[in-house]
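Please open the model in your viewer and keep the selection panel at hand.

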Amino acid sequence: ARRSRLIQALPKAELHLHIEGSLEPELMVALAARNGIDIPFASVEEVRRAYAFSNLQDFLDIYYQGMGVLRVERDFFDLTMAYLERANADTVRHVEIFFDPQGHTGRGIAFGTAIGGILRGLEEGKARFGISYRLIMCFLRHLDEESALATLAEAEPWLDRIDGVGLDSSERGHPPGKFARVFARARELGLKLVAHAGEEGPPGYVWEALDILKVDRIDHGNRALEDRRLVERIVAEKRTLTVCPLSNLKLCVIDAMGQSPVRHMLDLGIRVTINSDDPAYFGGYVNANFIAVAEALDLSEDQIATLAVNSFAGSFLPEAEKAEHI
Ligand code: ES4
Ligand code: ZN
């Protein structure tokens, strides 16, 4: 209970959040009705019952299906506002959110429809709740690099409102090196760089993300712990890892919360952060992730505070703004 009160009170940043993964079943059903779309579920309860995954791909199949109800700019705005209301309730003061443009353009929804609604939501959230933000455009790694390059070209008119690029979707069989050219181009454009690596994929994928893509942060990074030299590199370079405890549990990256690598990462001196990933699918927003991991690993109040400090330290805010939160 003391832990919960501390977690609730601490200002936090969320650095690993797929906005499409914050689509709650209630909103999915409402948007399906509003847009006249048939979904293969009769009720909100039935949607929730479908959320039983045994690996990342199981989840992704449902995640791409779920985002099919997002059609017009207002849908993306409503989605973003619903997330920011939950984040605000969890005392999140800064968010760096992902979106998957190819998940939308690939089904005929314009790039501008998706990003326009998301940005309007982020601006409204800043005005209403004082939550600052960054926006990170992710490339789907199961698609080819040509598609990622075309997406980066499509983003050009919006580049002053996009802070970074990321890499997500099916990790196995799609190493970071597949996206060397598009990340090099994004780097030339002055964008921040992140990539999912070491969630299901091997430590070699984390090396590639650092050496070939030259990412600033690693999303997940669980499997980096299998490689001592990689851990030394991550510590020496003060790389941030955006770990997602409830996601790890739901996707069977771990069998029980007690296996979460968070405590071990803290002990190793890694700048680890706690994030919700796809909260509508994995059963909790950022505070629920903090509580689950803090209880299971018996984290001290100092360790919990360190995780919150790390979230700002690892953010893309300028140093002066980080200091205001820490
Ligand atoms: C994702 Cl948990 C996770 N991993 C990889 N790609 C994703 N896209 C949305 N959630
Ligand atoms: Zn993710």
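Begin by selecting H5 and H7, which pass each other in a right-handed crossing, a crossing being right-handed if the near helix is turned clockwise from the far one by less than a right angle, and left-handed if anticlockwise. This is a predicted model, in which local features need pLDDT of at least 70 and side-chain atom pairs count only at pLDDT 80 or more, while totals for chains, interfaces and linings use all residues. Residues are numbered from 1 along each chain as its sequence is written, and chains are lettered from A and ligands numbered from 1 in the order in which they are written.

Helices (H or I, at least four residues) and strands (E, at least two) are DSSP runs, numbered from the N terminus. Helix H5 covers residues 73–89 and helix H7 residues 111–129, and the two pack at an angle of about 35° with their axes 7 Å apart; axes are lines fitted to C-alpha atoms, for helices over the stretch in contact, and angles run from 0 to 180 degrees between N-to-C directions. On the H5 side, show the contact residues Glu 73, Arg 74, Asp 75, Phe 76, Phe 77, Thr 80, Met 81, Leu 84 and Asn 88, and on the H7 side show, among them, Gly 116, Gly 117, Gly 121 and Gly 125, where contact requires that the C-beta atoms of two residues, placed from the backbone, lie within 7 Å. Coloured by class, the contact of H5 with H7 has eight nonpolar, seven polar and five charged residues; Ala, Val, Leu, Ile, Met, Phe, Trp, Tyr, Cys and Pro count as nonpolar, Asp, Glu, Lys and Arg as charged, and the others, Gly among them, as polar.

Next, select helix H1 (residues 2–9) and helix H15 (residues 286–297), which pack at an angle of about 145° with their axes 10 Å apart. H1 also passes H15 in a right-handed crossing, and the contact is made by Arg 3, Ser 4, Ile 7 and Gln 8 of H1 together with Asn 287, Phe 290, Ile 291, Ala 294 and Glu 295 of H15. By class, this contact has four nonpolar, three polar and two charged residues.

Now centre the view on ligand 1. Which residues are around ligand 1? They are His 18, Gly 21, Leu 56, Tyr 63, Asp 168, Ser 169, His 196, Glu 199, Ser 247, Asp 277 and Asp 278, each counted as near if its C-beta atom, placed from the backbone, lies within 6 Å of the molecule. This shell has two nonpolar, five polar and four charged residues.

Within the shell, pick Glu 199, where UniProt (unreviewed entry) places the feature "active site"; UniProt positions are given in the numbering used here, feature names are shortened, and annotations may be inferred rather than shown by experiment. Glu 199 is found in the loop between strand S5 (192–197) and helix H10 (203–211), and it counts as buried because 24 other C-beta atoms lie within 10 Å; a residue is buried if 20 or more other C-beta atoms lie within 10 Å of its own, exposed if 12 or fewer, and partly exposed in between, with C-beta atoms placed from the backbone.

His 18 lies in strand S1 (residues 12–18) and, leaving out residues up to four places away in sequence, touches Phe 98, Asp 100, Asp 277 and Asp 278.

Turn to the backbone at Asp 277, whose phi is near 65°, a positive value in a residue other than glycine. Asp 277 sits in the loop between strand S8 (271–274) and helix H14 (279–282) and is buried, with 31 other C-beta atoms within 10 Å. Ser 169, in the loop between strand S4 (164–168) and helix H9 (180–188), likewise has a positive phi, about 80°, although it is not a glycine.
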